[in-house]
Amino acid sequence: MLYDSILRPALFGLDAERAHDSVVNLLCVLQRMPLGYRLLSLAEEENAPSLQTEVLGLKFPNPVGLAAGFDKDCRMAGILPALGFGFLELGSITLRPQPGNPRPRLFRVVGAEAIINRMGFNGEGALPAAGRLEALGRSPVPLGINLGLNKDCPHDGAPRDYAETFRILEPFGDYFAVNVSSPNTLGLRALQEKLHLERILRAIQDVNTARKPVLVKIDPDMPPEHLKDLAALLACLAAGVIVSNTTLSRDGVPGDWAMIRGGLSGKPLRDRSTRLVAEVYRLTEGKLTIVGVGGIFTGADAYDKIRAGASLVEVYTGLVYGGPGAVRRIRRELAACLERDGHKSIGEAVGKGHGPG
Ligand SMILES: Cc1cc2nc3c(=O)[nH]c(=O)nc-3n(C[C@H](O)[C@H](O)[C@H](O)COP(=O)(O)O)c2cc1C
């Protein structure tokens, strides 16, 4: 309420990246205050027992996580669980620091409840992130770490760079996501090609002595035959798939946005990513963990992705439009969907949209 009537109009009056920076600053201040966490979690409710779930060998208090890109430098991992998330995916983190693309590079498409971004992996690099995570201590929710790639890294150096970033951050993540699907680093998506991806995953698994789960984040624009080609490789070398990153399509947004370069997220991405979740689930015969992300604004949106085959879901744009109460509302609505359909747990609903057999 307060967000819809006061905070959001104030933030939406600012340039989108300045608004994001203001929210980051506010959360960092709250994180430093002794009562900051309590203050932000005042409206916190118990997680419904049906929402508690075990996936990838990890226990999640609920399946609604923060998507990558909101906390690229791991500044807010201490305070973000107060918003009700069941897990956080931090990053993307590149090996070396880099400034990202020139501003403006973040745009709200308000009428369509969408965002276009071409941030380009702006961040401080792996070492400062590792330092912050070391200082953080134990997190109340599982932490995922999303690995990006510096824009000056040639394709044949990618396995080495991803593996080195992984090695630096390995002690601090409960799972890892290999981001080969951002549309904002020239040529990155080509690393989804089978041979490249196999080299990257093997290089990471070579240094993954603790056998942490490694997932691959894919783009929503890949042709179905490519996906078919990838399914076997993913089933063999990854613990799961994150579906999906932002889209290059401009379906669902007014025509004048066609000229703005970057990846589109939010409502217009929702059904495209849900269809891809279903396709990955079908191709991998339900054997690979799927994290569903793209356009989740309500519990019903999350439930659709779960029925399509996702065991966990993530939110970014829905948080920008819905504010600090969004995650708790999505959780509540999701628990109601499960109850309505007679499911006692998330696991019972995963893939149920595919029918019996
Ligand atoms: C501003 C912004 C920055 C993002 N940065 C990253 C990133 O660094 N790494 C990544 O894997 N995904 C990134 N994403 C993509 C999100 O994690 C997510 O896959 C996508 O936005 C779809 O979810 P949504 O519709 O809930 O936003 C970013 C998205 C936005 C809006």
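In helix α6, Lys 194, Leu 197, Glu 198, Leu 201, Arg 202 and Gln 205 meet Asp 229, Leu 230, Leu 233, Leu 234 and Leu 237 of helix α7, where contact means heavy atoms within 4.5 Å. This is a predicted model, in which local features need pLDDT of at least 70 and side-chain atom pairs count only at pLDDT 80 or more, while totals for chains, interfaces and linings use all residues. Residues are numbered from 1 along each chain as its sequence is written, and side-chain values use heavy atoms, with hydrogens and water left out.

- Axes are lines fitted to C-alpha atoms, for helices over the stretch in contact, and angles run from 0 to 180 degrees between N-to-C directions.
- Helices (H or I, at least four residues) and strands (E, at least two) are DSSP runs, numbered from the N terminus.

**Barrel**
- A closed barrel of 8 strands, with parallel pairing, runs β3-β4-β7-β8-β9-β10-β12-β13, and two strands pair if DSSP finds at least two bridges between them.
- Neighbouring strands of this sheet are turned by 25° against each other on average, direction ignored.
- Strand β3 (residues 64-66) pairs with strand β13 (residues 312-315) in the parallel sense over 3 bridges, and Gly 65 stands opposite Glu 314 in β13.
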